[in-house]
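Dear colleague,

Please find below the structure I am handing over to you, together with its sequence. My findings follow directly after it.

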Amino acid sequence: MPLPPPRPLKPGGPNGKKNRFGFNMFWMYAFVIMFIVGFYYLNNETNSQEVSYTTFTETAEKNGFDKIIIYGDKREAEGILTEDAARKNFKDLQQAPGRPVKAVFRTDIPSADEITNQIKKWNANRVSNGLKPIEEKYVNGTSGWYNILFSFGPIVLLVFLWIFLMKRMSGGGGGGSSVFNVGKSKAQVFDKNNANKVTFKDVAGLSEAKTEIEEIVEFLKNPQRYTDLGGKIPKGALLVGPPGTGKTLLAKAVAGEADVPFFSMSGSDFVEMFVGVGASRVRDLFRQAKEKAPCIVFIDEIDAVGRARGRNPNMGSNDERENTLNQLLTEMDGFGSNSGVICLAATNRVDILDKALLRAGRFDRQIFVDLPDVNDRVAIFGVHLRNIKKADDLDIDLLARQTAGFSGADIANVCNEAALIAARHNKQVVTLEDFNAAIDRIIGGLEKKSKITTTEEKRGISVHEAGHATVSWHLQYGDPLIKVTIVPRGKALGAAWYLPEERQLVPAQALLDKICSLMGGRAAEELFIGQVATGALNDLERATKIAYSLVVYYGMSSAIPNISYYDSTGQEYGFSKPYSEERSKIIDSEVSRILNEQYQRAKDILLKYKDGHAKLTELLFEREVIFTNDVEDIFGKRQWASRTDEILALNEHKSEEKSEENDDDTPPPLPVKSTDSEPKAEE
């Protein structure tokens, strides 16, 4: 009976275990060190003994040395013994008669000159006895280690330099120091077991943006509900908004909510100095994503690679950024299937992105993350005030009204700055005064109490700022006043602080009232001082821009009605104007007319209330800072209510109606919270 054929061996050895033998750069270090040590011992196989100077001279007088080496700077000498003297003084050489003899006596010498004179006497005796004189060698202190380092140091340096370059060329990525890993993706992978997990309940405000992005997470969690009706999973969503509004925070919340892998990468991580690296990293990123589908890929600051192609041609050369963008477009909607992979991206420069990136099938949705309104700012303040020891009577609604136009990051900065100011003054809690100082510090800059101003300059600043306060107080669309100060802050010598009205639609009269309010300072100088100064530069700049917008953008001019030259694409028409020279003259004429009319209107208001303006000027000159109640004591209450107060009151009324629908035992939800739990962070 024939024997069965032998079973083939499994790869890696007879046990089927994979051979783990591999090259490691630490072996190179060990090899170099072993080579140097071995070379030293092979070339220094010498019997050496430290002896006294007396023994050294006695041995030399008995003709026991063939050669003497003098180290002058170290005041040392080495005597190489003759074969007979070596066998006589070293027992191990007596036991090996056939072995080559090399033995040395070392000693300290008084000086190089003295040992040189001694050698001359010894040589004279040896010559008279018919012996060969002692060979003399003078060395300036170099040792064997110095010779080894001098000989092999450059080689060792080149080896370490080569290792360093290989690590730098690898791009710092994982997978060793091979240059071939430079095209690997640098994406960070988050999963549901991540310790620092952020969810949608931890995000204050942004209710509309959260609603849209929650649907994407729900699709990944429960796709059957959508696919039964024939729906398809969206390919991607683009988070668009100003800096600091919470785009990256929303992406972190998606990573915390979705029970799927989350790949996070910055747009600049695709850009390298090597050709083809960006496209290679895009391919590797989507390859990993397909292997772990369903999953989410997040690209922060996508404008680093998604800039419109062809705007800045590189004189026919290869553009690495465009190659990366082309590969990204192909991966998102090419012939290959990316089933279960959703792309999220964030940018604050959507106007410069390539149109192919924004079309349906790639980034299907654009989620606009706007600056928070007054209700959202109340919620965001609640987030950042949790860890701050604040006063019990702190009015968060007032802080929200004072920070119109602030992003979530700005509000976080206000809270931190207020805590620092309170600590600087050794307070136990942070009060409203500290928050006001923090807001002033962020908006206007650092207070400059040391700046020297003369009495005349101080009087002129008081007249100017009182003019702003007087005019704005008597305008229907004037912003409610908070305080007026003549203390220098930043580049400004004085300032009037207002509560800006947040409007979705701005009527023409509101823009005209704004121009009139800005002109109040210059008009007061002309009326009550008799001459104008340079302090109205910023006022005139802002007023001119508003007047130009009225005519050119909003079509609110009677001479050029219903025409807008605004370019929403952000290209601003290049070097050519979209209107003729004749139309340009009409625009200049209309802008000048609007500014002159509002300047005269400001002067009329100041003349009408000149007594109140004089009182306000004197009060401001004496106290340097005045508040709303001071202006109210002079002019009386404003007859126009604040629109911001109406918004907060309306929101409070809606919250009360919602609380009435709940059971009596259930506490009503907070009026400013968009979720049931307290928000954690806002970016």
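The axes of helix α7 (residues 207-221) and helix α9 (residues 247-257) cross at roughly 30 degrees and come within 10 Å of each other. Here axes are lines fitted to C-alpha atoms, for helices over the stretch in contact, and angles run from 0 to 180 degrees between N-to-C directions. Helix α7 is therefore roughly parallel to α9 (angles under 35 degrees count as roughly parallel, over 145 as roughly antiparallel, 65 to 115 as roughly perpendicular and the rest as oblique). The crossing of the two helices, α7 and α9, is right-handed, that is, the near helix is turned clockwise from the far one by less than a right angle. On the α7 side the contact (heavy atoms within 4.5 Å) involves Ala209, Lys210, Ile213, Val217 and Lys221, which meet Leu250, Val254 and Glu257 in α9. Of the residues in this contact of α7 with α9, five are nonpolar, none is polar and three are charged. In this scheme Ala, Val, Leu, Ile, Met, Phe, Trp, Tyr, Cys and Pro are nonpolar, Asp, Glu, Lys and Arg are charged, and the others, Gly among them, are polar.

As to provenance, this is a predicted model, in which local features need pLDDT of at least 70 and side-chain atom pairs count only at pLDDT 80 or more, while totals for chains, interfaces and linings use all residues. Residues are numbered from 1 along each chain as its sequence is written, and side-chain values use heavy atoms, with hydrogens and water left out.

Helices (H or I, at least four residues) and strands (E, at least two) are DSSP runs, numbered from the N terminus. The protein chain has 23 helices and 14 strands.

Strand β10 (residues 341-347) is largely enclosed by the rest of the structure, because seven of its seven residues are buried (under 20% relative accessible area; exposed is over 50%, partly exposed in between, with a 1.4 Å probe and protein chains only). Val341, Cys343, Ala345 and Thr347 cover one side of β10, and Ile342, Leu344 and Ala346 the other. Strand β10 pairs in the parallel sense with β7 (residues 236-240) over five bridges and with β9 (residues 295-300) over six bridges; pairing requires at least two DSSP bridges between two strands. Ala346 in β10 stands opposite Leu239 and is also the bridge partner of Asp300.

Val189 lies in strand β6 (residues 188-190) and is partly exposed, with a relative accessible area of 41%.

Yours sincerely
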